[in-house]
Amino acid sequence: MKQVLFVFIGGGLGSALRFLMAKALNPTFQNFFLGTFLVNILGCLLIGLILGFSTKTNFLSENHTLLLATGFCGGFTTFSAFAFEKHSLLKSGELFHFSVYTLLSIAVGIIAVALGLWLTKS
């Protein structure tokens, strides 16, 4: 039950921060959801760093990893919002913006996870 509480607390904090970033940054560009994009990329980098540190060192306990990776990153990243936004771009006929945003999110997200894991290696 203690582990569920760690995930719950981390998820709530991540979700609140995601909401604030999306609210502040999504209106910046038309047809590109900057807040959601940055949240997903930062979340990918963070989960790479967290999991990299947790597997390499004893600095993070299993509970810390649950709080940060499963909870915070799970609440912070926004794949469901990502999918909804893709649907809205397709529905409005914005195929170019749909394609660019989708490809950048996936490619840069994968690179950010790899970077986070690489940064934790000596």
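Tutor: Let's take the terms one by one and set each value against its definition.
This is a predicted model, in which local features need pLDDT of at least 70, side-chain atom pairs count only at pLDDT 80 or more, and totals for chains, interfaces and linings use all residues. Residues are numbered from 1 along each chain as its sequence is written, and side-chain values use heavy atoms, with hydrogens and water left out.

Student: What makes up the secondary structure of the chain?

Tutor: The chain has five helices and zero strands, so from the N terminus the elements read α-α-α-α-α. Helices here are DSSP runs of H or I with at least four residues, strands are runs of E with at least two, and the numbering starts at the N terminus. The C-alpha atoms fill a box of roughly 50 × 35 × 20 Å along the principal axes.

Student: Why is α1 called oblique to α2?

Tutor: Helix α1 covers residues 2-25 and helix α2 covers residues 34-56; they pack at an angle of about 140°, with axes 7 Å apart. That angle makes α1 oblique to α2. For the cut-offs, under 35 degrees is roughly parallel, over 145 roughly antiparallel, 65 to 115 roughly perpendicular, and the rest oblique. The axes are lines fitted to C-alpha atoms, for helices over the stretch in contact, and the angles run from 0 to 180 degrees between N-to-C directions.

Student: Which residues meet there?

Tutor: Arg18, Met21, Ala22 and Leu25 of α1 meet Leu34, Gly35, Leu38, Val39 and Leu42 of α2. Contact means heavy atoms within 4.5 Å. By class, the residues of this contact are seven nonpolar, one polar and one charged. Nonpolar takes in Ala, Val, Leu, Ile, Met, Phe, Trp, Tyr, Cys and Pro; charged is Asp, Glu, Lys and Arg; the others, Gly among them, are polar.

Student: And what makes α4 roughly antiparallel to α5?

Tutor: α4 and α5 pack at about 160°, their axes 8 Å apart. That angle makes α4 roughly antiparallel to α5. On the α4 side the contact is made by Phe82, Glu85, Lys86, Leu89 and Leu90, and on the α5 side by Leu95, His97, Phe98, Tyr101, Thr102 and Ser105. Those residues divide into six nonpolar, three polar and two charged.

Student: Which hand does the crossing of α4 and α5 have?

Tutor: The crossing of α4 and α5 is left-handed, while that of α1 and α3 is right-handed. Left-handed means the near helix is turned anticlockwise from the far one by less than a right angle, and right-handed means clockwise. The axes of α1 and α3 come within 6 Å and cross at roughly 35°.

Student: How do you know that the length of α5 agrees with its number of residues?

Tutor: The expected span is 1.5 Å times one less than the number of residues. With 25 residues, α5 should span 36 Å, and its end C-alpha atoms are 35 Å apart, so the two agree. For α3, 15 residues should span 21 Å and the ends are 19 Å apart, which agrees as well.

Student: Why is Asn63 called buried?

Tutor: Asn63 sits in helix α3, and its relative accessibility is 19%, so it counts as buried. Buried means under 20% relative accessible area, exposed over 50%, and partly exposed in between, with a 1.4 Å probe and protein chains only. Leaving aside neighbours within four places in sequence, Asn63 is in contact with Lys2, Gln3 and Phe6. What covers the buried residues of α3 includes α1 and α2.

Student: How do Phe32 and Asn31 come out, buried or partly exposed?

Tutor: Phe32 has 19% relative accessibility, so it is buried. Asn31 has 22%, so it counts as partly exposed. Phe32 is in the loop between α1 and α2, and Asn31 lies in that loop too. Asn31 also has a phi near 70°, a positive value in a residue other than glycine.

Student: What makes Leu115 partly exposed?

Tutor: Leu115, in helix α5, has 38% relative accessibility, so it counts as partly exposed. Leu115 and Leu45 are 70 residues apart in sequence and 6.8 Å apart in space, C-alpha to C-alpha.
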